[in-house]
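Trainee: I'd like to go through this one with you before I set anything up. Could we just talk over what is in it?

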Amino acid sequence: MADNNPMILRAMNKGKFVRVNDSFKAKVGFDATELAEKPFLDWIDQCDRAIVQAALENDERRFIARHTTRDGSTLQLEIQVAEHEEGLFVLGRCAKGTTQLESDKARYAEATVLGTLDAIARIIEEQNTGFKCSILLVAEGRFVFGAGPSLPEEYNSAVNGYAIGPNVGSCGTAIFWNTPVIVEDIQADPLWASLAELAKKAGVAACWSHPFTSSSGNVLGALALYSSEPCAPTTEQLSQLKAAARITGLAVERGRAEEELKRADEATKAARDLLQQVIDNAPIRVFWKDSDCRYLGCNPLFARDAGKQSPAELIDQDDFTMGWSAQAELYRADDQEVMRTGQARINFEEPQTTPDGKNIWLRTSKAPLYDRQGEVMGVLGLYDDITLQKREERRLALAMDASKSAIWEMDFTTGKLDYDSSALKVLGLYTPEAPDTLENWLERVHTDDRTQFTAMLEQALHPDDTRGFDCEYRFYDNAGGYHWLQSVGRVVHRDAVGQPLLAAGYSVNIDERKRAEEKKLLLEQQFQQTQKLESLGVLAGGIAHDFNNILAIIMGYCSLTKMNCEDADKHVPEIEKAAERAAALCNQMLAYAGKASLTQSLINTRTLVDEMLAMLKTTIQKNVVIKPELGTDIPFIMGDASQIRQVVMNLIINAAEAIGDAEGEILVSLAKTEFKAEQPEKDHLGFIIPAGRHICFEVSDNGCGMDDDTRRKIFEPFYSTKFTGRGLGMSAVLGIIKSHNGALKLESRLGDGTNFRVYLPVPLSEYEKEEAQQTTASAAWQGSGTILLVEDEMQVKAIATAQLQHLGFKVLDAANGKEALELYQQNVADITLVISDIGMPVMNGYDLFYKLKQLDPKLPIIISSGFGEVDIGSKIPREEIAGLINKPYRFDQLREVLSGVVEWVTPDNA
């Protein structure tokens, strides 16, 4: 770039700046750094951006536009556009003269012949004294002023740009029809109707016009003589007019040819200059050699790689004289192969030794060069240094191998699945046997995982998907086994309607992780069981104490009844209440031991907490005082009573252990509360507690408290502050609270006690609460038929027999499963249903159940047992049991179960 001609060369995009000369910077008032901060189009004046955008869209490569300057004005540029490496580069130079838009090109081309036309017009005027001469050219159907030295400027300006036509004055008509037109009286001739007034002002009354053409016959314009008075031309004047028109046509044609040649030369030079600048500034090494593999040229970047100051130093040199002479034979072989075959070699990798002795890697492309006769005369090459990329690829390969991962691509246009063959061993596959389509891959997915795999895949392929694909599944290998894989990917290319074209991702072997998860789960289950056993140990003392009190009540009222039978009506209800308390204690023990089913039900939290406090008061150390503050209007919640008991017990026991041997107290409160959406509260993790009604169970102690580190870790699995602790207590508490959609708050300071607040949602309406509190008395119900009662405990059997007979049934009884089976076979036609215990000698209830079902699959069998539902359900499917009644049971409970079973066994269901 010449510094005295303001010029700029840069990419269209932001940041890809090439060069700007000092003259251009002075003109616009910005330095190179400032100009590089925005894309080139952003510097174009707002009024010209639409024109530039349209030019680019129409693939125009040369146009005029204005560049903004620091002072708010504009600098008019002549802009050239060229493509390089999939990008657009622009060369901007100060435009000379007026804007040269496409529509003005023909008019601009005539500018250099105007002097010749003016001279012709003056000569004609000298030959025709008293007449005025006008030469008008034509471009795009309009007049273009050529010459009119004696005509007023107002007239010449008005005619310039006027549209020609079949009746537009003398010249317009002559050009349109390509024939001479003689108008003797302008004011009277209809051809001049639209221009008569203009002619009068110009002082012309007659006009004789003759068209002039190119050598090929194309009309270039018209030459005219004007008279101030109406008149007709002589024969000599017409002859002179014709000759002058012929000379004018030759002059215009030659002038245009010279200008076109000049412009072509300038364009060629500009293109050559631009090409050289592009090559010199290209961010890649470029070189070209002759047929003897000697360098004809290169760009500065290549020269620097060769250790040279400029490209000129490489001219006529070969690779054996370069710093990379060790690879000269390799490079010469590449060059000769390209020239021999006439085929380009694209993006191949090769080594190079640099002048300073370093070893690097290149990605090279070479293509043949041809002379004008179409013969190969050399080779063009370009390369880039990919040493860092190769190093990263090697590191990535090592990382992928270490992580047991495989990169894959899915081409939906071909249906082919492609992945790195070096990673196939991770999947237990080998290249010849590897699945190469999605369908073949899916065949190796474990049948139990295939539905999930397919569902996730369909979601990922959907046009609206934003999540991608992430699935863990078992994958069949060549050795006949399964690996656990995790495949992660997404669609990276879609068509115009959103359908997938290409997806990419990775698959990683997660066998070790799955084994670790299984081991962790097993440990957690073991620790949870240990935690429950520890809890049972704590409860044992309290339960034994309460159970002895219950037995004392039963025995006491039995003694009172013996002493006075008339008071039996008063004593029996008390005995029943005591027995129900004993049954509840047993069920609680079963629940903690995992033998009772954990089911959702309405929970009276006040009663539950009250019972737990009564139990725990007898087990914790005597230096700790429990102070309850339980509200009287606590609503019911929906949950698992056994799990809520575990939360209550763990928090209170932890509070007692925090107090230790010192004198202390535990405040246990229960109240109802409500959170408003406009006044949100956060739990211990910072999450907002959902708005709505809750019950708040609070445990506060004045014990040792916790430091910051303990508060952060207390809910982590296996974390414990106790020397012999298992560390799952508080983790289990938090898990139970979360499973009940509850929240927990924790406040504690070292040496200043601890406060836990548990919030559990209240989903039920007051009406539902009242419904839950109501007990519905069973209607007087009577049955009929024969029941086979199987019970090894004689007293229990006697009581059950009496109750069944009271309900209207005939009873056949057996002491074990073997007797029951024989008795059933003897009375099969009479027996309506069977009530059986589980734990019996000779043959237990499980074996009896399945043997009876073999004899009659539709036989209704009710299980009556002291074992928990979980234990029974693990051996007999729940849907096959007609009814289940847990011992001990009341008469009304037995009647309710029987009525349900008997009413279901109708003739349609029998």
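Trainee: Let's begin with the open sheet of five strands that has mixed pairing; what order do its strands take?
Mentor: The order in that open sheet of five strands is S22-S24-S25-S27-S26, and the pairing is mixed. Its edges are strand S22 (624-630) and strand S26 (743-748), each of which pairs on one side only. If direction is ignored, neighbouring strands of this sheet are turned by 15° against each other on average. Please keep in mind throughout that this is a predicted model.

Trainee: How many bridges hold S24 and S25 together, and in which sense do they pair?
Mentor: Strand S24 (residues 664-675) pairs with strand S25 (residues 692-701) in the antiparallel sense, over 10 bridges. To give you a place to look, Ala 671 is the residue that stands opposite Cys 696 in S25.

Trainee: And which strands does H17 lie across?
Mentor: H17 lies across S22, S24 and S25, and it runs at about 165° to S22. H18 also packs on the sheet, where it touches S22, S24, S25 and strand S27 (754-761), and its direction makes about 30° with that of S25.

Trainee: At what angle do H17 and H18 pack?
Mentor: The angle is about 45°, and the axes of helix H17 (residues 605-616) and helix H18 (residues 641-659) are 10 Å apart. The two helices are therefore oblique to each other, and the crossing in which H17 passes H18 is right-handed. On the H17 side the contact is made by Leu 608, Val 609, Met 612, Leu 613 and Leu 616, while H18 brings in Ala 641, Ile 644, Arg 645, Val 648, Met 649, Ile 652 and Ile 653.

Trainee: Changing topic, what about H5 and H9, at what angle do they cross?
Mentor: Helix H5 (residues 114-127) and helix H9 (residues 235-281) cross at roughly 170°, with axes that come within 10 Å. Because of that angle, H5 counts as roughly antiparallel to H9. The contact is made by Thr 116, Leu 117, Ile 120 and Ile 124 of H5, together with Ala 244, Ile 247, Thr 248, Ala 251 and Val 252 of H9. Those residues divide into seven nonpolar, two polar and no charged.

Trainee: There's an open sheet with antiparallel pairing too; what is its strand order?
Mentor: Five strands form that open sheet, in the order S2-S1-S5-S4-S3, and the pairing is antiparallel. Strand S2 (17-20) and strand S3 (62-68) are the edge strands, each pairing on one side only, and the twist from one strand to the next averages 25°. Within the sheet, strand S1 (residues 7-11) and strand S5 (residues 87-94) pair in the antiparallel sense over five bridges, and Met 7 stands opposite Arg 93 in S5.

Trainee: Which helix lies across S3 and S4?
Mentor: That is helix H3 (residues 46-57), which lies across S3 and strand S4 (74-84) and runs at about 150° to S3.

Trainee: Where does a positive phi turn up in the hairpin of S11 and S12?
Mentor: Cys 293 takes a positive phi near 65° in that hairpin, which has four residues between the strands. Strand S11 (residues 285-290) and strand S12 (residues 295-298) pair in the antiparallel sense over three bridges, and Lys 289 stands opposite Tyr 295 in S12.

Trainee: Last one: how much of the whole protein is buried?
Mentor: Buried residues make up 42% of the 910 residues, in a protein whose secondary structure comes to 26 helices and 32 strands.

How values were computed:
Residues are numbered from 1 along each chain as its sequence is written. This is a predicted model: local features need pLDDT of at least 70, side-chain atom pairs count only at pLDDT 80 or more; totals for chains, interfaces and linings use all residues. Side-chain values use heavy atoms; hydrogens and water are left out. Axes are lines fitted to C-alpha atoms, for helices over the stretch in contact, and angles run from 0 to 180 degrees between N-to-C directions. Angles under 35 degrees count as roughly parallel, over 145 as roughly antiparallel, 65 to 115 as roughly perpendicular and the rest as oblique. A crossing is left-handed if the near helix is turned anticlockwise from the far one by less than a right angle, and right-handed if clockwise. Contact means heavy atoms within 4.5 Å. Two strands pair if DSSP finds at least two bridges between them. Ala, Val, Leu, Ile, Met, Phe, Trp, Tyr, Cys and Pro count as nonpolar, Asp, Glu, Lys and Arg as charged, and the others, Gly among them, as polar. Buried means under 20% relative accessible area, exposed over 50%, partly exposed in between (1.4 Å probe, protein chains only).
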